[in-house]
Amino acid sequence: MIVATIPVASLARRLAGPREAHAFRSGAAEHALVVDGSRIYDMPEGFGARLLEAAQRGGPAAERELLASFGLDREPAICPELQAPPVRALALAVSEHCNLGCGYCYADGGSFGAQAQQMPWEVARQAVERLLEGEGGSASLAFLGGEPLMNRKVLRRAVEHASALAERRGTALRLALTTNATLLIEDDAEFLAEHGFAVTVSIDGERELHDALRPTRGGGGSYERIVSRLTPLLRRQGSPARAGRASLQASARVTVTARHRDLRATLEHLMALGFHSVGFAPSLTSRDPALALDAADLQALLGQMIDCAREFERRLLAREPYPFSNMLAAMQELQRGTHRPLPCGAGAGYLGVAADGAASACHRFVADPRAAMGSVQQGFDDAARAAWLESRHVDRQEPCRSCWARYLCGGGCHHEVLNRGRVACDFIRGWLDHCLGAYVRLSAARPDAFN
Amino acid sequence: MNEPVPRNRTARAAALGNPASARLESGVGNCFPGLEMDVRNLDGRFFPGLLFQVVTAPVAPLPQALPNQAGIRLIYLDYLADPMLPERSEAPWVQKLLATYTGATGIALAHGRWYLHWIEQGGNRISCYASDGTPYDGELLWRFLRCLALDEPLSIALVQRDGPDPKPVVELAGYRRRYTTAAGVIDPSFAPGELTQSMCNPWQHDFRDCACYYWASNHPDVVIGEAGGASLPDGAPTGTTAAVTPLDWLRRDRSPAGAVAAPASRAAARPAQLDHYEINRRWQDLAFVVGGREIGAVYEPAMVPLARPYANAAEMIDELEQRLAPLELTLALQYLYGLFSMHTPEEAPPGRWPTMHADLTAARQWITLIAVGEMTHLRWANQLLWGLDQAGLYPKGRHYTPVLTPLKGPQNLGGIELSTLPVLDLATLDAYIRIERPEGQLANAYGRCVATLKLEAYPRDLYELAVRIDSDGDQHYERFRAVRQSFEAYAGAPGRLPVLREMRVGTADETRAALAATSEMTAALREAYAAEARREFEPAQAAITLARAAMDRLRVEAEALGARGIGVPFFDAW
């Protein structure tokens with residue numbers, strides 16, 4: 001079992017209660033997150049106690065009254081009804097096949113539980129043309145899988161087609177690839193750099209850990225192969241290959257399992273490899289149940305995440321690079337006051353496209369009838385999207401409706417929630433509570449850092 | 001703190017009142033015209049229900065003026081809508097004040113000249129008079145008002161100075177006003193415009209006259225028009241005419257057709273300028289001016305790449321000793337040579353070139369200023385070095401010695417060989433412009449000093465000194481460009497530029513006196529810097545006086561040689 005570095009149990013007790021605001025501390029001072037609009041304030045001493053008292057005495061109405069007494073009442077920032085925006089982002093499962101056999105894979109090794117397919121060029125072409133129907137604005141095209149590089153030819157052709165089309169339409173196109181990097185060759189790196197891709201490499205940490213979690217189909221390790229192939233990619237980060245294009249960025253994403261015992265070491269190991277940033281995603285649903293995190297694991301994970309966050313804070317103050325992307329994203333979102341009724345763009349502006357052209361809420365829902373949303377051949381199903389948004393609104397989720405973190409979290413990954421339920425709520429609240437305190441400290445010390 | 005302070009963007013966007021950058025406490029307000037507010041106007045309402053004015057004794061009072069006008073004078077009672085004095089307040093002090101204001105005392109205060117008599121807080125009473133009975137000046141008393149504590153009982157007395165003897169006195173008790181909320185909202189007792197009274201704000205019609213011949217701080221008068229943005233590789237703007245045409249900032253015709261050169265005199269400019277009442281309505285048409293240039297809708301400062309700090313103090317010291325300080329001296333001598341290669345205005349042939357007299361007067365003035373500037377930089381570079389030594393940052397075993405030698409050996413910079421001494425023709429001017437360009441090599445060298453000295457290990461005053469050198473070069477660049485501009489008019493003449501003397505570098509024999517003066521000057525400066533580094537300021541000053549005298553002799557000698565077409569081979573003095 002992993003040893004937590006903070007008293008998580010006492011934290012959990014403090015995190016339940018009020019739903020209209022969350023009182024937190026940064027050192028000696030008291031602060032509030034006003035849930036509606038994700039507004040952050042310095043508050044007078046004793047605010048937390050008053051908020052808790054109000055919540056217990058009169059529920060949300062009494063909480064709102066207390067906030068109003070501080071002049072913090074505003075028109076609601078979150079609309080109760082959501083309208084489906086135009087689709088401006090697609091994830092193409094160009095290859096549903098994968099050459100690795102990771103125990104936790106949501107895609108069941110890429111096949112999504114059925115016969116794995118490769119996306120034909122015709123489907124990719126239709127997807128690209130649907131995405132870039134309009135003029136101007138911006139659009140995102142992502143390649144996920146399976147392992148997208150197993151269908152390199154279609155991937156490249158789709159990118160060339162999309163780039164040319166976007167240029168004609170005056171649309172700013174962002175390109176992204178999630179890969180296990182086992183098939184990456186120098187020429188791929190050149191191609192990805194040329195097009196300014198944001199590449200996410202799935203890599204789970206140090207050699208031993210990674211090899212245990214991300215084995216090849218034959219059970220062998222994949223670490224050595226990946227690391228040897230990363231060099232040409234990492235070397236091309238930085239300046240854009242062409243004026244007006246984005247520059248290549250390669251990030252590492254770690255799927256955190258119960259086997260991860262020292263996240264800080266993992267984080268720093270991957271940073272040292274030269275990634276633009278490194279982030280953690282907890283494994284909540286897993287083909288191999290031993291790899292999914294349970295409540296105790298999540299408590300321990302929170303302690304380790306906070307340990308990494310503290311190091312991030314220390315490095316930021318010392319003006320040293322420490323690209324821990326979970327923390328960086330949290331700081332940027334808190335700075336902006338991001339407030340969302342949904343966890344992500346799935347089913348809204350973002351859809352996943354299966355190899356056969358079927359569209360679903362996101363790349364994780366390929367071939368899942370609960371989230372089917374038309375196809376690139378027949379067009380996207382706007383009624384299905386509208387119904388999805390209606391049902392997925394965080395204000396209609398339990399226990400989200402009464403959680404202070406609802407507009408920061410958005411209700412959690414749809415795929416994980418629909419398959420396993422909400423098992424990580426305390427973890428998310430604990431992480432956000434820490435991030436809020438850190439934000440207040442860092443925004444005072446480095447007001448320039450998160451703009 | 002009793003009120004929430006917004007932290008992130010959504011909280012700030014939802015906040016009432018002013019963003020932090022526009023709050024009173026982040027302003028540069030004082031009581032000086034031209035700044036954003038007059039702080040005295042805040043304290044005019046320090047006591048609930050009353051409006052005061054700070055009255056300063058006139059420097060040269062008219063004989064018929066009333067004596068003893070200075071002090072904190074009551075303007076009028078203003079309690080009806082004062083948020084500190086709600087009618088239904090349960091605070092006894094509020095009810096007592098309201099009763100006073102609305103009763104006989106209020107009526108008395110409405111007549112005659114009432115002044116602050118004393119203030120009392122925490123058992124300390126400050127009288128408003130000097131020991132001989134003269135009223136203190138308003139600005140002195142204002143400082144006392146600034147020091148009043150919030151949330152502590154405050155008593156004041158008012159006296160009617162024009163009342164019968166014994167002068168009537170009214171005592172009042174209350175609290176000092178809190179001028180803003182924690183969120184920066186200004187107390188509603190202040191009327192719109194009240195805080196900016198007496199300031200030169202664009203929407204106040206006498207702002208029109210706040211030009212450089214009127215107030216100490218003022219609006220721009222002659223500016224350069226908004227640039228197209230494009231510039232040549234050497235930094236010169238493409239639209240050269242627009243880039244150098246001085247415009248009248250107050251011009252009434254804001255269209256491109258109105259962008260004609262500003263008239264040279266105030267009287268000639270006046271008819272085409274915005275009038276007093278026009279400026280009330282059109283102040284928002286006036287352009288922001290940055291660096292002498294009008295700015296369009298959005299100001300986008302040029303990106304200045306961050307310089308890389310030197311690895312350590314030793315590396316910076318080597319660079320200053322071996323390169324930067326010698327370079328400053330070399331440039332000073334180059335520019336001096338250029339100065340003496342120009343005709344004097346008196347030598348300008350009359351008739352043929354009607355503007356040459358004026359052009360030479362200006363060009364000689366500018367080049368002199370630039371050369372003086374380089375000598376100043378030489379001193380500052382030395383000062384950085386002795387400052388580093390004083391701070392114990394020299395490498396072990398090494399100490400500061402004055403650097404007063406030019407660069408050794410051939411050195412090409414900006415396309416010019418620095419070990420030679422060229423006359424100030426257009427090609428030479430182009431090279432100097434490249435050398436002094438704000439993004440040029442020279443600027444970058446000091447940029448690195450700035451980046452290094454900004455680090456915590458270094459004394460703050462050295463950092464500020466480096467910033468001064470770093471930013472001072474821009475003026476040189478502008479001045480060289482101005483000289484080049486005026487010389488272009490003569491480029492069509494056959495042979496050498498008519499503004500230049502027929503000049504060659506002289507021999508050591510011909511220029512013995514001038515070279516001796518040069519050597520004496522540097523020797524005296526060496527002594528002066530060494531004395532300053534030892535913090536012996538009197539001998540340093542004496543040596544500087546000697547250096548000045550030598551410089552004067554050098555000028556006389558070099559000018560006489562120049563008139564004979566002989567240039568001083570400055571580098572032979574080393």
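This dialogue covers the confidence of a predicted model, its chain contact and its helix packing.

Reader: What are the ground rules here?

Author: This is a predicted model: local features need pLDDT of at least 70, side-chain atom pairs count only at pLDDT 80 or more, and totals for chains, interfaces and linings use all residues. Residues are numbered from 1 along each chain as its sequence is written, chains are lettered from A and ligands numbered from 1 in the order in which they are written, and side-chain values use heavy atoms, with hydrogens and water left out.

Reader: What pLDDT does chain B average?

Author: pLDDT is the predictor's confidence in each residue, from 0 to 100. Chain B averages 86, and 89% of the residues score at least 70. Residues 229-240 of chain B stay under 50. For that stretch the model has 17 contacts (heavy atoms within 4.5 Å) beyond four places in sequence.

Reader: Which scores does the predictor give the complex?

Author: An ipTM of 0.86 and a pTM of 0.57.

Reader: What describes two packed helices?

Author: The angle between their axes and the distance between the axes. Axes are lines fitted to C-alpha atoms, for helices over the stretch in contact, and angles run from 0 to 180 degrees between N-to-C directions. Helices are DSSP runs (H or I, at least four residues), numbered from the N terminus. Take helix α5 (residues 186-194) and helix α7 (residues 223-235), both of chain A: their axes come within 9 Å and cross at roughly 25°. That makes α5(A) roughly parallel to α7(A) (angles under 35 degrees).

Reader: Which residues of α5(A) and α7(A) meet?

Author: A:E186, A:A189 and A:L192 in α5(A) meet A:P232, A:L233 and A:R235 in α7(A). The contact residues divide into four nonpolar, no polar and two charged.

Reader: How do the axes of α4(A) and α5(A) cross?

Author: Helix α4 (residues 152-169) of chain A and α5(A) have axes that come within 12 Å and cross at roughly 20°. So α4(A) is roughly parallel to α5(A). In α4(A), A:R152, A:L155, A:R156, A:V159 and A:E160 meet A:D187, A:D188 and A:F191 in α5(A). Those residues divide into three nonpolar, no polar and five charged.

How values were computed: Helices (H or I, at least four residues) and strands (E, at least two) are DSSP runs, numbered from the N terminus. Angles under 35 degrees count as roughly parallel, over 145 as roughly antiparallel, 65 to 115 as roughly perpendicular and the rest as oblique. Ala, Val, Leu, Ile, Met, Phe, Trp, Tyr, Cys and Pro count as nonpolar, Asp, Glu, Lys and Arg as charged, and the others, Gly among them, as polar.
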